[in-house]
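The following note is intended for a reader new to this structure.

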Amino acid sequence: MAERWWIDEEHRAALTSRAPLDVAAWMQPGAERHVLSSDRQSAAVLWSGDVPLLVKWRVPIAGRKGKTWLRASRERAEADAMRAARDHGIPCPQAWAVGERRQLGVLVGAVFIRAFDAQAQTAAEASATDPQVAVDMALALRRWHDAGFRHGDCYPKNVLLGGAAGEPRPIGCPKGRFVAPGPSLDDARLKDLAQWAVGSANAAALGDPFAFLTFYGEAEGLPDYEALVEAVLPLYEKIMTRKAERVRTRPLREPEGPPAPQPLPPA
């Protein structure tokens, strides 16, 4: 068993005052650790304190461990994507630390740690009450895409608004990457737009899930609204079909709901 950590040295003291740099230690429950969300193999936890921290941890389930062999964890990939975004002038939270524990190259567990901005909202939360969010986010997405950034999980829940940083900033982007800048309609851009439309369809305050494309396409270099919708629609329908199938089969797969992820045992 071996562990490796990538640490922003500016925050080392603040991290080690909370817990040792041990992957399992950062997964444990505690009085100041509040689970924000979870699935079968991961959790996002708010660790309150003088400086609140977001701790995302993952323990791959048995059927997925083989896919992690010698591959960066989602947590490290997200930290790398965020750093690349900042290097390209896109505001993005900074990872304070990422830790991986492996056995013979297979990921056993990983953690991602950054500051938690309690004043920020996700675009999904903000759009439920403020229609201006759709416009602001369409323009932000266009800037990011023209700069070459492709989010990969481009849903409104994966963008932060407000708070200390102010500007929209991508989060939850382990699939994030950069391509050549410019207004080309490559597959990765279309996927981002389709995902955003799916997320917009889930927002009760919005009618047309493609309305944001009106503002997204205002700058020169891309087709008009109708052509953009035509290009995005096949991917949108594909994602929606898969989503509906997951919802339909969930009671059969997980009749009692998804099981809570199990942290690694403490040392």
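1. Helix H7 (residues 225-253) supplies the largest share of a positive patch, namely six residues. Helices are DSSP runs of H or I with at least four residues, strands are runs of E with at least two, and both are numbered from the N terminus. The model is a predicted one: local features need pLDDT of at least 70, side-chain atom pairs count only at pLDDT 80 or more, and totals for chains, interfaces and linings use all residues. Residues are numbered from 1 along each chain as its sequence is written, and side-chain values use heavy atoms, with hydrogens and water left out.

2. The patch of positive charge lies on the surface and gathers Lys 157, Arg 177, Lys 191, Lys 238, Arg 242, Lys 243, Arg 246, Arg 250 and Arg 253. Patch residues have over 30% relative accessible area and no salt bridge, and like charges are joined within 9 Å. A salt bridge is a side-chain nitrogen of Lys or Arg within 4 Å of a carboxyl oxygen of Asp or Glu.

3. Arg 253 belongs to helix H7. Because its relative accessibility is 47%, Arg 253 counts as partly exposed (buried is under 20%, exposed over 50%, partly exposed in between, with a 1.4 Å probe and protein chains only).

4. Leu 70 sits in the loop between strand S4 (53-58) and helix H2 (74-87). Although not a glycine, Leu 70 has a positive phi of about 60°. Leu 70 is exposed, since its relative accessible area is 61%.

5. Leu 104 is placed in the loop between strand S5 (95-103) and strand S6 (106-115). Its phi is positive, near 50°, in a residue other than glycine. With 79% relative accessibility, Leu 104 counts as exposed.

Note on methods
Patches are made of residues with over 30% relative accessible area and no salt bridge: like charges are joined within 9 Å, nonpolar side chains (Val, Leu, Ile, Met, Phe, Trp, Tyr) within 5 Å. Accessible areas come from the Shrake-Rupley method with a 1.4 Å probe; for residues, only the protein chains shown count as cover. Lys and Arg count as positive and Asp and Glu as negative; His and the chain ends are not counted. The place of a charge is taken as NZ of Lys, CZ of Arg, CG of Asp or CD of Glu.
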